[in-house]
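Dear colleague,

Please find the structure below, together with its sequence.

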Amino acid sequence: MGSAISQEIVRDELGKMKEALDNNSLSDVIKQSNINLNLLKNTTLDVAITGVSGVGKSSLVNALRGMTDFEEGAAETGTVETTMNAKGYPHPTFPKVTIWDLPGIGTPCFKAEEYLRKVNFERYDFFMILSSERFTTNDILLAREICNMNKKFYYVCTKVDRRVKSARRQQSFNEERTLETIRKYYCANLAKAGEFWPRVFLICSWDFNKYDFPLLQKTLENDLDDLKRYALITTMPNLSREVLKRKKDAMEGLIWTLSLVSGAVGVIPIPGLSTVCDFGILVGTMIDFCKVFGLDEDSLHRLASRVGKPVPVLRSAIKKSEVANRITREFVTRLWRRSTVCRTMTTAEIFLDFIPVLGSVFGGIGSFATTFYMLKSFLNDVEEDAANVLAIATAPYPSLPPQRKFRRGELKVN
Ligand SMILES: Nc1nc2c(ncn2[C@@H]2O[C@H](COP(=O)(O)OP(=O)(O)O)[C@@H](O)[C@H]2O)c(=O)[nH]1
Ligand SMILES: [Mg+2]
């Protein structure tokens with residue numbers, strides 16, 4: 001528990017922060033930090049999934065929420081749409097993010113504008129227009145109308161696994177070439193249907209690691225503003241080391257804001273130690289970090305049912321941090337006692353250079369320094385554990401231990 005982050009790393013980070021503070025008054029920065037944290041907490045993200053019936057909308061809604069099609073609360077799949085209402089599905093861990101299952105556009109004589117009004121287009125941050133066969137003039141008219149309403153849209157081709165599977169039968173099969181052919185096919189189809197700037201993302205909702213889903217995710221990230229990007233990143237499925245790294249970078253950006261706020265509010269001594277900190281901020285943030293990285297009981301259960309592995313097997317990969325619901329003041333205290341900083345030096349030593357800047361405002365830097373150090377090392381631990389969980393989740397199932405052979409006539413007792 002409590003991986004060591006080196007003194008150099010902390011010094012380096014604090015150096016950058018000192019530079020930023022030199023140009024502003026600290027109390028202004030703290031005020032702004034509080035505002036930013038509140039904004040972040042309350043930011044909503046609403047994603048609209050549209051396309052004709054059967055194209056894979058509900059399946060994508062579930063996959064984006066990290067769910068299988070069969071669990072409670074999942075959008076029903078494989079059914080014919082009967083309503084013209086949009087249905088919102090909040091993300092199970094971060095309910096401020098909602099994925100909306102929109103009804104199909106309907107008959108060819110539909111009016112895009114009318115459709116968008118009916119589904120309350122203002123509500124959505126962007127649209128994904130799905131197709132599994134070909135895009136139609138309707139799709140393009142809808143896309144134009146979305147543009148007219150100052151919203152973004154993305155053309156997404158679903159069920160690409162099926163096309164790849166059928167191409168696999170050819171002797172000269174090459175996956176990259178096959179995907180390129182499919183992309184070209186869809187772009188030509190879009191151009192023919194009237195799209196000026198055809199661009200498509202090929203996906204399979206059953207395996208986000210494949211095809212263009214990672215690229216789609218990055219594109220969305222780039223297109224969103226800072227607050228919405230943060231909301232998107234927190235809910236991104238933990239597919240790869242790269243995604244974990246992006247999550248870590250996003251969380252890291254918050255640490256000194258949180259530490260400043262922690263330094264400015266009341267502090268509580270850590271029992272038996274000469275250190276003070278704001279437990280509320282520490283415990284709350286650590287729980288949030290765990291949730292972002294899928295280290296909470298609900299997320300582990302969902303992952304277990306998706307990959308068909310027992311929860312305890314996945315949980316056993318969490319060695320340095322903890323699952324979210326076990327993070328308490330006692331846990332934080334234990335973590336601090338075992339941390340390298342606690343053993344080898346006082347926090348004041350690391351933060352010595354910053355006492356002139358911070359000490360004058362906080363009347364001491366204990367809470368600021370403890371929060372900063374604890375969150376930084378905990379984030380390292382969480383990322384490492386999440387990578388271990390990912391490795392176990394994606395590993396081929398280990399072969400069962402060899403069974404003892406029973407002699408004829410011997411009773412097998414369970
Ligand atoms: N092979 C494959 N089938 C899919 C995929 N996504 C959805 N499906 C299947 O396509 C059918 C229709 O999906 P659904 O999500 O209900 O479509 P909707 O009517 O647009 O909501 C279901 O049988 C799904 O299991 C995919 O990525 N690959
Ligand atoms: Mg559906």
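Of the contacts in the protein with a separation of 6 or more, what percentage is accounted for by residues 24 or more positions apart? The figure is 70%. Please bear in mind that this is a predicted model.

Overall composition

The protein contains 18 helices and eight strands. It has 414 residues, of which 50% count as buried. Its accessible surface comes to about 21100 Å², and carbon and sulfur atoms hold 53% of that surface.

The surroundings of ligand 1

The shell around ligand 1 is made up of 17 residues. Gly 54, Ser 58, Ser 59, Gly 78 and Asp 161 are the closest of them. Sorted by class, the shell has eight polar, five charged and four nonpolar residues. Two helices, α3 (57-64) and α6 (160-167), each supply at least two residues of this shell. Helix α3 gives the most, with three residues.

In the side chain of Ser 58, an N or O atom is 2.8 Å from an oxygen atom of ligand 1. For Gly 56, a backbone N or O atom lies 3.0 Å from an oxygen atom of the ligand, and for Val 55 the corresponding distance from a backbone N or O atom is 3.2 Å. Taken alone, ligand 1 exposes 580 Å², and the protein buries 86% of that area.

A residue in strand β1

Thr 50 is part of strand β1, which covers residues 45-50. Is Thr 50 buried or exposed? Its relative accessible area is 0%, and because buried means under 20%, Thr 50 counts as buried. The side chain of Thr 50 makes a polar contact with the side chain of Tyr 115, at 2.9 Å. Leaving aside residues up to four places away in sequence, Thr 50 touches a number of others, including Lys 57, Leu 102, Pro 103, Met 128 and Leu 142.

Helix α9

Why is helix α9 described as largely enclosed by the rest of the structure? This helix spans residues 226-235, and seven of its 10 residues are buried, so the rest of the structure largely encloses it. The buried residues are Lys 228, Tyr 230, Ala 231, Leu 232, Ile 233, Thr 234 and Thr 235.

Two residues with positive phi

Asn 120 is not a glycine, yet it has a positive phi of about 55 degrees. Asn 120 is located in the loop between α4 (112-118) and β4 (126-131). With a relative accessibility of 32%, Asn 120 counts as partly exposed.

Tyr 211 also has a positive phi of about 55 degrees, although it is not a glycine. The loop that holds Tyr 211 runs between β6 (200-202) and α8 (213-223). Tyr 211 has a relative accessible area of 15%, and because the cut-off for buried is under 20%, Tyr 211 is classed as buried.

Definitions and conventions:
Residues numbered from 1 in each chain as written. Chains lettered and ligands numbered in written order. Predicted model: local features only at pLDDT ≥ 70, side-chain atom pairs only at ≥ 80, totals over all residues. Heavy atoms only, no water. Helix = DSSP H or I, 4+ residues; strand = E, 2+ residues; numbered from the N terminus. Buried < 20%, exposed > 50% of the residue type's maximum accessible area, 1.4 Å probe, protein only. Near = heavy atom within 4 Å. Polar contact = N/O pair within 3.5 Å; in protein donor to acceptor, adjacent residues only side chain to side chain. Areas by Shrake-Rupley, 256 points an atom, 1.4 Å probe, with all protein chains shown as cover. Nonpolar A, V, L, I, M, F, W, Y, C, P; charged D, E, K, R; others polar. Contact = heavy atoms within 4.5 Å.
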